[in-house]
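Here are my notes after going through this one. Have the model open as you read.

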Amino acid sequence: MSTKPKLYYFDGRGKMESIRWLLAAAGVEFEEEFLETRDQYEKLLQGGSLLFQQVPMVEIDGMKMVQTRAILSYIAAKYNLYGKDLKERALIDMYVGGTDDLMGFILVFPFLSAEDKEKQRALIIQKATSRYFPVYEKILKDHGQDFLVGNNFSWADVHLLEAILMVEEKKSDVLSGFPQLQAFKARISSIPAIKKFLEPGSQRKPVPDDKYVETVRRVLRMYYDVKAN
């Protein structure tokens, strides 16, 4: 029986992508089962695997874990990416929470109408450059260290790099006014495990396309339009 974590989700980013990022950062190989039909989803529901009737779901260490934040917290703690003490963990939680808020504006993007996408793109850039990136720019400048917390590589660094790259897909020069974040991006991207995950052929998923959106809508029976933030 395989001891690798097994991920159950769609063949696309969504809420599972941060889990893929964190496992990759920890150097952990994982398997994936992609949901392509409603029957697959119903089978998981009927088998009691989806505690709250939703994915992502990850099989790891004999558990079937749901709730994205719980999964990420477990992986971070298991692979020493969650700080050395309670105070560092609190900082990591705060920074990850802020990054999550920014990512929330991006996660809905593929499901919007063409008109709403343009509005959302502008909102994402505005939020990133006025609310979120300035915070991390100041943190890095003030403590003068390579990483966000305790000068050790952590979940907070992985999450922020993922968010930076997502926002850059909406505006390639979005970091032009943030020299600390530019250096941070280069530094974290050069970590061997991260560098490997960023290379072609890895399990990192591409920008969500129409096929991904159609699959999610079909499997989850989303017969409504997502509204912009």
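1. The protein chain has nine helices and four strands. Keep in mind that this is a predicted model. Reading from the N terminus, the order is β-α-β-α-β-β-α-α-α-α-α-α-α.

2. On overall shape, a compact globule of 229 residues would have a radius of gyration near 17 Å, and the chain comes in at 18 Å, so the two agree. The C-alpha atoms fill a box of roughly 50 × 45 × 30 Å along the principal axes. Of the 229 residues, 47% count as buried. Among contacts with a separation of 6 or more, 67% are between residues 24 or more positions apart. The chain exposes about 11800 Å², with carbon and sulfur atoms supplying 51% of that.

3. Now the annotation. UniProt, in an unreviewed entry, puts a "GST N-terminal" domain at residues 3-83. In the model that span is 36% helix and 20% strand, and its end C-alpha atoms are 25 Å apart. The "GST C-terminal" domain is placed by UniProt, again from an unreviewed entry, at residues 85-209. Here the model gives 67% helix and 0% strand, with the end C-alpha atoms 41 Å apart.

4. Have a look at H9, residues 210-220. Its buried residues are Tyr-212, Val-213, Thr-215, Val-216, Arg-217 and Val-219. What covers them includes strand S1 (6-9) and helix H2 (38-46). After the helix comes Arg-221, whose phi is positive, near 55°.

5. The count of salt bridges comes to 20. One of them joins Arg-20 to Glu-17, with the closest N and O atoms 2.7 Å apart. These two sit three residues apart in helix H1 (residues 17-25), so about one helical turn separates them. Buried or exposed, Arg-20? Arg-20 is buried, because its relative accessibility is 0%. Glu-17, at 3%, also counts as buried. Both belong to a network of salt bridges that links Asp-11, Glu-17, Arg-20, Glu-32 and Lys-205.

6. Two other pairs deserve a line each. Arg-38 and Glu-42 form a salt bridge at 3.0 Å, and both lie in H2, four residues apart, about one turn. Arg-38 is buried at 19% relative accessible area, while Glu-42, at 21%, is partly exposed; the cut-off for buried is under 20%. Asp-173 and Lys-171 meet at 2.6 Å, N to O. Asp-173 is partly exposed at 40%, and Lys-171 is partly exposed at 31%.

Key: Residues are numbered from 1 along each chain as its sequence is written. This is a predicted model: local features need pLDDT of at least 70, side-chain atom pairs count only at pLDDT 80 or more; totals for chains, interfaces and linings use all residues. Side-chain values use heavy atoms; hydrogens and water are left out. Buried means under 20% relative accessible area, exposed over 50%, partly exposed in between (1.4 Å probe, protein chains only). Contact means heavy atoms within 4.5 Å. UniProt positions are given in the numbering used here, feature names are shortened, and annotations may be inferred rather than shown by experiment. The radius of gyration is taken over C-alpha atoms; the globule rule is 2.2 Å times the number of residues to the power 0.38. Accessible areas come from the Shrake-Rupley method with a 1.4 Å probe; for residues, only the protein chains shown count as cover. A salt bridge is a side-chain nitrogen of Lys or Arg within 4 Å of a carboxyl oxygen of Asp or Glu.
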